[in-house]
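This report describes selected local features of one protein model. The sequence and structure come first, followed by the description.

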Amino acid sequence: MTDYKATLNLPQTDFPMRGDLAKREPVMLANWETNGIYQQIRAASLGRPKFILHDGPPYANGPLHIGHAVNKILKDIIVKSKGFNGYDAPYVPGWDCHGLPIEHKVETMIGRAGDKVDFKTFRAKCREYAHSQIDVQRAGFQRMGVFGSWEQPYLTMNFQTEADIIRALGKIAASGHLVRGFKPVYWSVVGGSALAEAEVEYHDKVSFNVDVAYGARDDSKVLAAIGSSAGEGPVQAVIWTTTPWTLPSSLAISVGAELDYVLVQSTHQDQPVRLIVAEALLESFLARTGLVESAILAHFPGTVLEQQVFTHPFYDRDIPVLLGDHVTLDAGTGCVHTAPDHGVEDFVVCGRYGIETINPLDDKGVFRANVEHFAGEHVYKVDPKVIALVKERGQLLSEGKLTHSYAHCWRTKTPLIYRATPQWFISMDAQGLQEQAMSAIKGVRWVPAWGQNRIEAMVGQSPDWCISRQRTWGTPITFVVHKETGLLHPQLQEIIEAVALAVEQSGMDAWYDFDLSSVIDDADQYEKTQDTLDVWFDSGVSHYSVLSKREELAQYPADMYLEGSDQHRGWFQSSLKTAVAMNGSAPYKQVLTHGFVVDEKGYKMSKSLGNGMEPQEVFNQFGADVLRLWVASTDYSGDMAFSKAILTRTSDSYRRIRNTARFLVSNLNGFEPARDALGVDDLLALDRWAIDRTLSVQTELAHLYDNYQFVQVVQKIHHFCALDMGGFYLDIIKDRLYTAQENSLARRSAQTAMYHVLQAMVRWIAPILSFTADELWPYIPGQDKTTVFTETWYPGLSAFAADETMNSDYWAIVQQVKDGVNGVLEQARNEAKVGGSLTAEVTLYCDAELHATLLQLGDELRFVTLTSAATLADLATTPSDAMPTELTGLKVSVVKSTLTKCGRCWHQTEDVGNHAAHPELCGRCVENVSAAGEQRHFA
Ligand SMILES: [Zn+2]
């Protein structure tokens with residue numbers, strides 16, 4: 001037998017079949033860094049319209065987890081795809097650097113500021129620690145293939161940024177949104193600081209609950225108001241509380257104006273008493289206290305009790321009755337003990353009646369020296385002592401314990417208290433901020449759309465934002481207040497600018513060293529505020545300190561903010577409020593949110609559950625591109641399921657794409673586009689289809705990318721690789737590529753189409769499979785550019801001419817016919833009637849229309865069906881053994897070919913052996929081996 005292998009054009013490439021991503025990706029990263037990939041992209045994008053995705057800064061502490069990866073990879077896919085869509089899309093990553101977690105960490109390392117070390121040293125250590133964390137996180141983000149200005153990220157602790165945060169504060173103060181208030185705020189007694197709403201989380205806590213009787217100052221006055229003198233014993237209003245420690249601060253009782261109350265005759269400690277409780281809660285009250293109701297003496301509305309006076313259970317203190325909207329019938333007695341120091345609603349209702357706070361607790365939650373009975377006691381421990389005192393005074397009607405959901409500090413996990421302290425607030429209504437913010441929300445595109453309801457609900461109910469903290473590692477509130485009046489110095493803006501200039505030079509320490517007399521003449525009457533800013537303010541004003549200030553961004557508002565869906569209460573909101581306060585508008589045009597990573601069963605990922613996986617583990621086992629493909633192919637609008645099994649499936653999908661690319665590259669071996677590529681008009685019809693099809697897929701992909709529909713992007717690419725290419729086009733053209741003459745029209749036509757397909761595909765996958773795309777890039781024949789990432793979508797594709805008869809509709813039918821024949825062949829193979837498809841001869845029984853369609857392919861129908869013979873026949877003549885297909889107008893019969901197999905192309909044809917010089921070959925192969933070469937027209 002002659003070996004004809006040398007006469008075939010077999011595929012050949014060095015582009016590896018296996019991704020081997022864990023090994024290959026780090027090499028590519030190093031190349032990207034050496035070649036300055038990000039700078040190259042910037043240079044290539046110069047002059048294009050801008051698309052600015054402004055990075056929400058992660059906190060500079062702790063290792064990265066898969067949630068970080070989702071966030072950064074989604075951003076990267078958007079930024080890169082915007083580049084391919086023709087934008088200049090710079091990406092400046094940021095870090096949030098101040099705040100309690102770093103302060104806590106540094107405390108464990110060197111001790112408390114002002115105690116073990118001086119403040120300056122402490123802050124320097126915090127800065128150093130934050131830098132070390134940033135280095136680790138940055139390496140992790142870069143390993144994910146995320147492009148950006150990694151050498152010059154924005155850090156909220158950069159001197160320039162600190163200065164601009166201070167300037168932003170000055171602007172907000174100048175616009176009248178800032179107020180100083182003495183107000184109950186969530187207070188961490190462990191941290192010794194106020195907390196933002198976003199820092200509060202709820203956990204179950206066991207609390208005491210007690211019913212306490214407040215006796216009337218004058219029974220007859222209360223009875224007169226009620227309009228009854230029936231019964232006997234002292235008249236007492238009963239309150240119920242789960243925070244006995246607030247009783248020393250009890251200043252009033254609130255009742256509901258519209259609620260119905262009763263005066264009940266009962267007996268306590270063998271003495272008759274007349275108790276006031278809400279009618280609807282009487283039954284549960286009696287059950288809880290074990291008291292017996294012997295008569296209901298009167299019914300009356302809450303309004304009659306207004307301004308009646310009771311007495312404190314253990315202090316000689318008048319306790320007036322107030323009408324409060326916050327009183328409900330959910331639990332308790334309908335009479336609510338009211339302590340303005342320890343509750344927002346209490347504070348509000350007392351404010352209405354001119355009752356002020358008394359400030360009984362210090363920063364650490366310890367009762368001050370002037371608090372009778374409890375001076376020096378800690379709030380966490382005082383409950384039993386309070387209860388004992390109430391009992392001793394004979395005013396305790398019940399005591400018990402209950403488990404309820406209670407506010408805790410998200411960092412220290414300790415219970416929070418409300419504590420009234422002097423704080424700086426961004427007022428939601430002093431200058432109509434709430435209203436303006438609500439209106440700004442409507443001008444933003446929220447992806448997914450429910451994001452709008454969510455942020456509207458939160459901003460609509462938002463209390464004033466307390467922005468002051470009593471910490472060391474934070475941007476200072478650089479206010480100067482009068483020692484006596486507490487009022488801000490009238491030259492506030494001048495002072496702020498002077499301080500900002502100093503901070504630009506040497507960081508926040510400049511504030512503490514700042515000599516006031518260098519700016520103002522009356523410095524001796526004023527003092528510098530020692531508070532720091534809530535870290536949410538730092539990141540919240542990045543639209544000013546970064547977006548508007550960084551040269552490569554310099555755009556306000558940003559085109560997009562993108563974070564996890566918890567940021568409706570966090571960064572999206574803090575950014576909105578500060579931007580509206582400063583500029584009267586939202587800082588973003590679009591806000592995209594993503595869900596959280598959960599395991600396959602929907603549980604949160606965590607180390608303790610054993611379902612977690614570190615990013616590094618993923619890189620080592622699967623590679624960053626597989627992780628990126630998982631992110632892209634998972635619906636980010638809800639929870640995102642993640643597991644090893646899911647990644648393994650994602651790897652399969654990755655391989656399909658890689659193999660398709662490899663097939664294209666390996667069959668372009670020796671193809672030089674400048675020399676060998678044909679014009680579109682010279683191509684075979686099927687090859688023109690491939691280019692037309694690629695163009696329409698590219699158009700759809702550009703649209704999907706532009707609308708952040710990455711799941712569909714992946715599906716479409718996968719569909720293209722598996723069905724359009726693998727299952728149809730490439731399957732058919734293999735024969736031509738391998739057996740036609742090297743430089744024949746038949747082969748060059750196919751290669752030209754494949755070249756264009758490859759050029760397009762490498763761009764489509766680049767935003768997602770960044771490593772693989774750039775690995776593939778130099779394998780494209782004639783490549784003279786260093787990276788795919790400076791490109792836009794491939795411009796070398798063209799659609800069918802309008803008058804083309806073998807157009808996309810035509811080939812869509814052919815594709816269905818091929819699928820139909822494939823199905824029948826597969827069944828015949830399963831039944832061992834035939835072997836490979838070239839051992840088969842098929843007859844296609846077609847209706848008239850299909851018959852006419854397929855007739856156009858002539859003898860090339862057998863190449864489309866990949867059989868040794870394909871004959872057309874009338875559907876009416878279909879024999880009983882023909883098989884139906886999904887096309888109603890097509891049935892197919894299969895027989896095993898009895899003809900001799902060509903030793904070169906494996907087709908079984910009548911003319912094998914007709915040529916004496918090549919007895920093992922078919923006529924077509926003889927033509928290709930020793931003559932001018934076969935002619936192809938369509939496929
Ligand atoms: Zn042959």
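Which residues lie nearest the centre of the second largest pocket?

## Basis of the description

The model is predicted, with pLDDT of at least 70 required for local features and 80 or more for side-chain atom pairs, while totals for chains, interfaces and linings use all residues. Residues are numbered from 1 along each chain as its sequence is written, and side-chain values use heavy atoms, with hydrogens and water left out.

## Second largest pocket

T242, T243, H342, E345 and D346 lie nearest the centre of the second largest pocket, which has 32 lining residues. A pocket here is an open set of points on a 1 Å grid over the protein atoms alone, with protein on both sides within 12 Å along at least five of seven lines; lining residues have an atom within 4 Å of a point. The second largest pocket holds about 1100 Å³ of space, a volume being the space filled by probe spheres set on the points, with grid points joined across faces, edges and corners.

At least two lining residues come from each of β7 (235-241), β14 (335-338), α9 (344-352) and β15 (396-409). Of these, β15 gives the most, with 5 residues. Helices (H or I, at least four residues) and strands (E, at least two) are DSSP runs numbered from the N terminus. By class, the lining of this pocket has 15 nonpolar, 14 polar and 3 charged residues; Ala, Val, Leu, Ile, Met, Phe, Trp, Tyr, Cys and Pro count as nonpolar, Asp, Glu, Lys and Arg as charged, and the others, Gly among them, as polar.

## Cavities

A cavity is a set of grid points where a 1.4 Å probe fits but cannot get out. There are 2 cavities of 30 Å³ or more. The largest cavity has a volume of about 130 Å³. It is lined by 13 residues, with I41, R42, V79, K80 and A89 closest to its centre. Helices α2 (37-45) and α3 (66-84) are the elements that give two or more residues to this lining, which divides into 9 nonpolar, 2 polar and 2 charged residues.

The second largest cavity has about 40 Å³ of space. Its lining consists of L629, I657, V714, I717, I765, I768 and L769, so classed as 7 nonpolar, no polar and no charged residues by the list of residue types above.

## Helices α23 and α24

Two packed helices are described by the angle between their axes and the distance between the axes. For α23 (residues 710-739) and α24 (residues 745-765), the axes come within 11 Å and cross at roughly 160 degrees. This makes α23 roughly antiparallel to α24 (angles over 145 degrees). Axes are lines fitted to C-alpha atoms, for helices over the stretch in contact, and angles run from 0 to 180 degrees between N-to-C directions. The crossing is left-handed, that is, the near helix is turned anticlockwise from the far one by less than a right angle.

Contact (heavy atoms within 4.5 Å) involves, among others, I717, F720, Y729 and L737 in α23 and A746, M754, W764 and I765 in α24. The contact residues divide into 16 nonpolar, 2 polar and 2 charged. I717 and I765 also line the second largest cavity.

## Backbone exceptions

Most residues other than glycine have a negative phi, and most peptide bonds are trans. The bond joining V447 and P448 is cis, with omega about -10 degrees; P448 is in the loop between β17 (445-447) and α12 (450-460). The Y556 to P557 bond is also cis, with omega near -5 degrees, and P557 is in the loop between α16 (542-547) and β23 (558-564).

D20, in the segment before α1 (21-35), has a positive phi near 50 degrees.

Conventions. Parallel < 35°, antiparallel > 145°, perpendicular 65-115°, else oblique.
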